Amino acid sequence: MDLGISGRKAIVCGSSRGLGRACAEALLHEGVEVVLNGRNAEALEPLAAELTERTGTKATAVAADLNTHEGRDRLLSACPAPDILVNNNGGPPFKDFRDLDRAAMEQGVAMNMLTPIELIQRVIDGMATRGFGRIVNITSITVKMPVSGLDLSSGARAGLTAFLAGVARDYADRGVTINQLLPGYFLT
């Protein structure tokens with residue numbers, strides 16, 4: 001299937017494994033140049049080379065902690081005008097809410113709400129000016145069906161979803177869509 005996005009540029013956060021990697025690979029197969037992101041350069045560099053060879057489309061590795069201003073700058077320097085942004089981040093880990101201190105809560109909200117919003121703030125107006133933008137936030141089914149022990153993750157991701165609901169309405173008529181991908185979480 002041709003999605004009509006060949007030649008576009010994308011940033012996929014947290015793309016060294018899991019859903020992020022799957023998204024990056026699917027975009028590459030569609031002819032989209034992808035900037036891969038993760039914190040481990042030793043994992044990203046060979047992955048970028050492998051995916052470029054396998055798909056015939058350029059994948060670039062950018063090792064950066066996106067919870068820092070410097071990390072976000074490094075990522076956006078590699079792709080200053082993305083057409084597609086996939087926000088993806090793991091954690092926070094399973095933990096009883098009574099065991100969360102303020103620092104853990106602030107980090108969880110920063111990772112799963114504030115960082116994606118900050119990235120969107122930096123790319124959305126360029127997308128609107130060009131008349132094309134796709135923003136996908138990989139969150140969790142726990143946004144709609146919370147699981148005890150994932151309270152911080154669910155709360156931060158629900159906050160991201162609610163925050164962007166209004167933003168999405170402001171940009172829809174300018175060629176930019178914002179979607180939430182809610183993968184399932186299964187306790188075994």
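**Reading a predicted chain**

Me: What radius of gyration does the chain have?

Reply: The radius of gyration is taken over C-alpha atoms, and the globule rule is 2.2 Å times the number of residues to the power 0.38. For 188 residues a compact globule would have a value near 16 Å, and the chain agrees because its own value is 16 Å. Along its principal axes, the C-alpha trace spans about 50 × 40 × 35 Å.

Me: Which residues touch the most other members of the largest nonpolar core?

Reply: A nonpolar core is a set of buried Ala, Val, Leu, Ile, Met, Phe, Trp, Tyr and Cys residues joined through side-chain atoms within 4.5 Å; buried means under 20% relative accessible area, exposed over 50%, and partly exposed in between, with a 1.4 Å probe and protein chains only. The largest such core here has 25 residues, of which I11, L75, L85 and I135 touch the most other members. Two or more residues come from each of helix 3 (69-78), helix 4 (102-130), helix 5 (151-171) and strand 6 (176-181), and helix 4 gives the most, with eight residues. A second, separate core has 19 residues, including A24, L44, L47 and V86.

Me: With which residues is I135 in contact, leaving aside its neighbours within four places in sequence?

Reply: Contact means heavy atoms within 4.5 Å. Apart from those neighbours, I135 is in contact with L85, N87, I120, I124, M127, V176, T177, I178 and N179.

Me: Is T52 buried or partly exposed?

Reply: T52 counts as partly exposed because its relative accessible area is 27%. This residue lies in helix 2 (residues 41-55), and, leaving aside neighbours within four places in sequence, T52 is in contact with T57, K58 and A59. T52 and L28 are 24 residues apart in sequence and 7.9 Å apart in space, C-alpha to C-alpha.

Technical notes
Residues are numbered from 1 along each chain as its sequence is written. This is a predicted model: local features need pLDDT of at least 70, side-chain atom pairs count only at pLDDT 80 or more; totals for chains, interfaces and linings use all residues. Side-chain values use heavy atoms; hydrogens and water are left out. Helices (H or I, at least four residues) and strands (E, at least two) are DSSP runs, numbered from the N terminus.
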